[in-house]
Protein chains: 2
Amino acid sequence: MTTMRRGLILFAHGARAASWAVPFERLRDQTRERVAGAVVELAFLELMTPSLPDTIDAMRAQGIDDITVVPVFLGKGGHLLRDLPALCDEVRAAHPALTLNVAGAIGEDPGVQRAMTDYCVNSLGG
Amino acid sequence: MTTMRRGLILFAHGARAASWAVPFERLRDQTRERVAGAVVELAFLELMTPSLPDTIDAMRAQGIDDITVVPVFLGKGGHLLRDLPALCDEVRAAHPALTLNVAGAIGEDPGVQRAMTDYCVNSLGG
């Protein structure tokens, strides 16, 4: 058995309505199917659990020492400009041996932008 | 010259940081390039302008009588379950002759989900 030493965390905002999480859970499941040798988890900024620090603590307890965080946010506002960096500082202080990578906002990816444009264009119908 | 009678509104949350709107503005511009015969605008729920009702008022004033709203939200929480329907009720009461269509959340589209999965997988690198 190979020990998985890498983690991928899909970091989302969270909401009061449980239905909100459905597309994020689907994204996590679809990502898991395509990623070998990494643990893939969802984590939330607020209103839903687990939090990002709790998720990282749990991964560290599994021996994972290399974690990539993907912000599943459309735009880069206060949550990604201030809240996420503050959480990452906290995590790095608690886990000095951890390699922590943070990707750009998913909504700024050109491929995601193309797919969103397709959806907008198609929503007009004939 | 053909009068454009259809409108497409990309409806987003809004944020305090101006940088947040950049991918939404790009989405609007890319959609405009591919849509002929429809006016394409951004509108915001809060913190940014214009609002959805103001955008619809302006489209009505241009003679547009068929409007599609695309919620540029990843998940369907309180904003799409309650706030957007309330805004649509308000708009329909003010504009009884308007045809108002509301698409599903952009984040629940299978094509957008696929592109987001690609981004998550690729973010792990080699």
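1. Contacts along chain A. In this predicted model, take the contacts in chain A between residues at least 6 apart in sequence: 73% of them join residues at least 24 apart.

2. Elements of chain A. Chain A holds 4 helices and 4 strands. Read from the N terminus, their order is β-α-β-α-β-α-β-α.

3. Extent and burial of chain A. The C-alpha trace of chain A spans about 55 × 35 × 30 Å along its principal axes. The chain has 126 residues, and 52% of them are buried.

4. The crossing of H1(A) past H4(B) is right-handed.

5. Residues at that crossing. H1(A) contributes Pro23(A), Arg26(A), Leu27(A), Gln30(A), Thr31(A) and Arg34(A). On the H4(B) side they meet Gln113(B), Met116(B), Thr117(B), Asp118(B), Cys120(B) and Val121(B). By class, the residues of this contact are 5 nonpolar, 4 polar and 3 charged.

6. Cysteines. How many disulfides are there over all chains? The count is 0. A disulfide is a covalent bond between the sulfur atoms of two cysteines. The cut-off used here is 2.5 Å between the sulfurs. For Cys88(B), the closest cysteine sulfur is in Cys120(A), 16 Å away, so the gap is too far for a bond. For Cys120(B), the closest one is in Cys88(A), also 16 Å away, and again too far for a bond.

7. Burial of those cysteines. Are Cys88(B) and Cys120(B) buried or exposed? Cys88(B) has 3% relative accessibility, so it counts as buried. Cys120(B) is buried too, with a relative accessible area of 0%. Burial here means under 20%. Recall that Cys120(B) is one of the H4(B) residues in the contact with H1(A).

8. Leu8(B). This residue lies in strand S1 of chain B, residues 6-12. Its relative accessible area is 0%, so Leu8(B) is buried. What does Leu8(B) touch, leaving out residues up to four places away in sequence? From chain A, the list has Cys120(A), Ser123(A) and Leu124(A). From chain B, it has Thr31(B), Val39(B), Val40(B), Glu41(B), Met59(B), Thr68(B) and Val70(B).

9. A distance from Leu8(B). Ala61(B) is 53 residues from Leu8(B) in sequence. In space, the two are 15 Å apart, C-alpha to C-alpha.

Methods:
Residues are numbered from 1 along each chain as its sequence is written. Chains are lettered from A and ligands numbered from 1 in the order in which they are written. This is a predicted model: local features need pLDDT of at least 70, side-chain atom pairs count only at pLDDT 80 or more; totals for chains, interfaces and linings use all residues. Side-chain values use heavy atoms; hydrogens and water are left out. A crossing is left-handed if the near helix is turned anticlockwise from the far one by less than a right angle, and right-handed if clockwise. Helices (H or I, at least four residues) and strands (E, at least two) are DSSP runs, numbered from the N terminus. Contact means heavy atoms within 4.5 Å. Ala, Val, Leu, Ile, Met, Phe, Trp, Tyr, Cys and Pro count as nonpolar, Asp, Glu, Lys and Arg as charged, and the others, Gly among them, as polar. Buried means under 20% relative accessible area, exposed over 50%, partly exposed in between (1.4 Å probe, protein chains only).
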